[in-house]
Amino acid sequence: MTRQAGPGGWAGPGTPAGVLLRARRWAMRAAGLLAGLCVLALLTSSPDGPALAQTTSWIELFDGTPASPQPYNPSTWDVLVHSREAETWKQLQPMAAHHGSNCAGAPASHQISAYADAVFQCNGHVMTAIYADAYGLIVLTPNRMVDFSGGEAVIRFDMTTFRSAPRDWVSFWLSPWDEHLPLPLQEWYPDGSGEPRRGVHVEMSNFNGGTTFNASVIQNHVSLQLPSDFGLSYESFLTTSAVRRDPFELRISRTSLKFGMPTYGRWWVNATFPDLGWDRAVLQLAHHSYTPFKDCAPGACAPNTWHWDNVQIDKAVPFVMLKGDRPWVDRTSRRYVQFNPSAPLNSSLRFVGIGTNLQVSFDGGVSWQLAQMKPVEKNVEELFKPYWMPVPPGTSRVDFRGDGWWGGDWMVNDPVIWSQTVPLPPPTSTCSPRPRTTVQTQPLGSGRLQVTVQVGRPAYAASNIIRSVRVVGAQNAQVSVLGQTFGAGGGTAVPTSATQSVTLTVIRTAGGSVTVPLAIADDCGEWTTFVGGGPSAF
């Protein structure tokens, strides 16, 4: 079954288009709601473990129908638009993008040149459109990772097939959390910093005048081409369209990759390879423009608009993506970016920048540190480079400064904060009567006592979770809890994932008795107790 872009919807044989479109929309909405409920249930009932240990299905419907093309840049997607030429860093080369000013479908069009307009929404889907003579790139990254630790994961999306130029194309990247690049690109292209250290890449290509795809696995910045049906063009089995959006599918495991168009029963890649050594990936959808008029007869080529819809990951894990209140910073602008909410634990600042001596401040300019650039395959002074560095928890403002390079001044693009520590959900419990908290102890020998604290979950507080564990003090002992160790002065530990129980280890520091008062906070506030005992308790 295929799907039509624009007002006409899509239709199967013998069924009114409007009926089918509404039915599919409701089915998609129900699937999205169910996926969201699954995420909430997992976050509010998971046992102890690292943040983002849970996996569920996820879908992005791009469900909006504005009266005119509207910029698309939600909090759930990183939208990075890049152009290589310095003259286009603040305004793109103009082009005619698909959809009219009233969102009428192709061949209607409207003019764009602003960065914000390069990714826009009409008729329940989104478009990417960019024209760049030197090199242009749009990268869309959802705040969900692909998790194939338990076996094959599946990524699906709908996309148009019309191409207005062979030098305007798309590609798809999967790479580990710490190794992904904001602007991934093969090192032989005239832009970017090369490929990530490790990753998987599927790229649209051209063969004998048709559109085909190839794939590669990247290890230590070296791209290893996978076997593919390179002679298969989608023009050989479908009529290309700027209106219809066809389903594509990518299947990934630690040792295999499959990519194609299952509706047509065609697959370009179905390959196995040695174990990747990683199994959770950042997903990036990329749109490239590289002198689209080149190698074409006059008037025969133009920059393209790609239409996207229904991006799905069957095994997805959420992460925090905080977007700044400015898309770029340079010497001529306000030189800081604000974030709301503030950075959670284990956060990283991510941006691309150009210039020398780039520095950041996390305390409003009181102190500065050199920005930390990612290890890259290609480090060229005149190109934007990727930066990735730890952010103190609670950070809500980042200041930037730097020096120029031989061709111009410094600039920072797309400053965002990412974290795999997903904040705990807000309390939903009813607290009358107060849910019971239980404490169990078990001697471990060698002067150690294991303590397990569990908050109650009666029917009226079915999602009750531990919010914090406060060690009030520790007489003759140290307490290890949630990766922290507290002594006589005590301290507070906060879980990084929703949990009903927490385990502490009390370690006696000398002979004699031990007393450790505790305050356990759940959805209903603090509950106090103490643990310890005489020498025989350990």
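Begin by selecting C296 in this predicted model: with a relative accessible area of 23%, C296 is partly exposed.

Proceed to C103 and C122, whose sulfur atoms lie 2.0 Å apart in a disulfide. This pair links distant parts of the chain, 19 residues apart: C103 sits in the loop between β5 (95-98) and β6 (109-112), and C122 belongs to strand β7 (residues 119-122). C103 counts as buried at 2% relative accessibility, and C122 counts as buried at 0%.

Now select C431 and C524, which form a disulfide with sulfur atoms 2.0 Å apart. C431 is found in the loop between β29 (411-419) and β30 (437-445), and C524 in the loop between β37 (514-522) and β38 (525-533), so the pair ties together parts that are 93 residues apart in sequence. C431 is partly exposed, at 32% relative accessible area.

Finally, turn to the nonpolar cores. The largest has 69 residues, of which F172, L174, Y234, I252, L257 and F259 touch the most other members. Strand β20 (residues 305-318) supplies the largest share of this core, five residues. A second, separate core of 22 residues includes V451, I466, L518 and I520. To close, select F172 and display its contacts, among them F157, M159, F213 and W308.

Terms used. Residues numbered from 1 in each chain as written. Predicted model: local features only at pLDDT ≥ 70, side-chain atom pairs only at ≥ 80, totals over all residues. Heavy atoms only, no water. Core = buried A, V, L, I, M, F, W, Y, C linked by side-chain atoms within 4.5 Å. Buried < 20%, exposed > 50% of the residue type's maximum accessible area, 1.4 Å probe, protein only. Helix = DSSP H or I, 4+ residues; strand = E, 2+ residues; numbered from the N terminus. Contact = heavy atoms within 4.5 Å. Disulfide = S-S within 2.5 Å. Lists of a residue's contacts leave out its neighbours within four places in sequence.
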